[in-house]
Amino acid sequence: MARKTPEINSSSMADIAFLLLIFFLVTTTMDVDTGIYKKLPAIPEDSSETPPKVKQRNVLSILVNRNNELLVNGEVLSISQLRDKTKEFFLNPTNSESLPEKAVKNVPYFGDVMVSKGLISLQNDRGTKYETYIRVQDELAAASRELKDEKSIQQWGKKYEELNEDQQDAVRKYVPVQISEAEPRNTGGK
Amino acid sequence: MSKFRKDGKKELPAISTASLPDIVFMLLFFFMVATTMREVDLNVNIMVPEANEVTKLEKKDLVSNIYVGVPMRKFQKNYGTLPRIQLNDQFATVEDIQSFIASERESRKEELRNKLTTSLKVDQYTKMGIITDIKQELRKASSLKLNYSTRQTAE
């Protein structure tokens with residue numbers, strides 16, 4: 001008869017596990033990265049190329065100075081007003097002369113619709129605080145999302161995020177929110 | 001008949017610790033799954049700004065980080081108190097960004113190279129000047145996917 005193997009003493013198992021646990025606690029982080037996505041424009045290959053001319057009424061020019069103040073189309077606004085201003089700019093509910101033109105465009109799912117030709121031009125100073133810049137970007141993103149949500153709820157009764165890719169694509173075509181960032185001016189110094 | 005005998009003759013049995021390793025292992029596995037490895041030691045102080053319209057950064061292995069902020073106390077003697085760029089573990093200048101992006105690309109598989117995202121982790125009190133310079137360098141390096149790291153605003 002084979003001898004019984006003595007049981008392995010497992011009292012140090014807890015110590016080993018604790019050691020591993022503490023190692024992982026120290027070397028890892030728990031934070032989830034969140035952020036605002038942006039796509040930078042590629043550097044044009046031909047620098048002599050003139051930028052396309054855009055009518056004055058089609059541009060929402062946002063200037064941020066080094067004191068973190070906003071000038072939107074010649075009007076001093078606070079950041080909290082920016083969202084409504086942007087939405088009004090793109091919707092142009094009264095077809096006003098001073099707000100962007102609309103063009104008839106065929107969009108899948110929606111058919112022939114009036115699409116705004118509006119364009120946001122954002123310019124900041126070198127002395128602008130990063131926090132302000134992010135808040136402006138955030139407000140613009142919020143305005144864009146609200147416009148998209150509005151259209152998707154109208155069409156499908158669902159929010160933009162819940163749509164499938166084709167539908168999202170269509171909504172994006174319906175509400176194109178283009179943001180162009182100009183090179184900053186250096187009035188405020190570093 | 002006394003229910004409360006003071007001179008208890010029975011000794012309390014020792015609490016069994018046999019399940020202790022199991023408990024600790026459970027904790028260990030939880031932390032292994034729920035956390036990610038710390039990649040660099042920060043040399044700069046960073047408090048990223050808050051925003052509402054945030055998206056979650058997915059595929060962390062395809063993200064390269066650029067940190068910008070005021071150097072920590074112990075580095076201020078050598079590097080001053082103006083916001084500085086940190087790439088990997090060391091301080092860098094704007095000119096280093098192109099080579100940094102190139103080396104980041106180099107270390108990824110060929111088919112994933114154009115999917116790289118750059119995440120800017122910038123302190124909220126930094127001025128835009130340095131960020132604009134970084135953006136220009138990224139454009140020159142044609143690394144166009146950018147993510148401004150922000151915190152979700154507490155509701």
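Colleague: How many residues of chain A are in contact with how many residues of chain B?

Modeller: This is a predicted model. In it, 40 residues of chain A are in contact with 45 residues of chain B.

Colleague: Which element gives the most to the side of chain A that touches chain B?

Modeller: Helix 1 of chain A, with nine residues. Strand 1 (28-29), strand 2 and helix 3 (130-156) of chain A also give two or more residues each.

Colleague: How does that side divide into nonpolar, polar and charged residues?

Modeller: The side of chain A that touches chain B has 21 nonpolar, nine polar and ten charged residues.

Colleague: Which strand of chain B do five bridges join to strand 2 of chain A?

Modeller: Strand 9 (residues 145-149) of chain B, and the two run antiparallel. There, A:Lys39 has B:Lys145 as its bridge partner. Strand 2 (residues 34-39) of chain A also pairs with strand 4 (residues 55-56) of chain B, antiparallel, over two bridges. In that pairing A:Gly35 stands opposite B:Thr55.

Colleague: What does strand 1 of chain A join?

Modeller: Strand 1 (residues 36-37) of chain B, antiparallel, through two bridges. A:Thr28 stands opposite B:Met37.

Colleague: Back to B:Lys145. Why is B:Lys145 classed as partly exposed?

Modeller: Start with the cut-offs: 20 or more other C-beta atoms within 10 Å means buried, 12 or fewer means exposed. B:Lys145 has 17, so B:Lys145 falls in between and is partly exposed.

Colleague: Which residues is B:Lys145 in contact with, leaving aside neighbours within four places in sequence?

Modeller: A:Lys39 from the other chain, plus B:Leu116, B:Thr117 and B:Thr118.

Methods. Residues numbered from 1 in each chain as written. Chains lettered and ligands numbered in written order. Predicted model: local features only at pLDDT ≥ 70, side-chain atom pairs only at ≥ 80, totals over all residues. Pairing = 2+ DSSP bridges. Helix = DSSP H or I, 4+ residues; strand = E, 2+ residues; numbered from the N terminus. Contact = placed C-beta atoms within 7 Å. Nonpolar A, V, L, I, M, F, W, Y, C, P; charged D, E, K, R; others polar.
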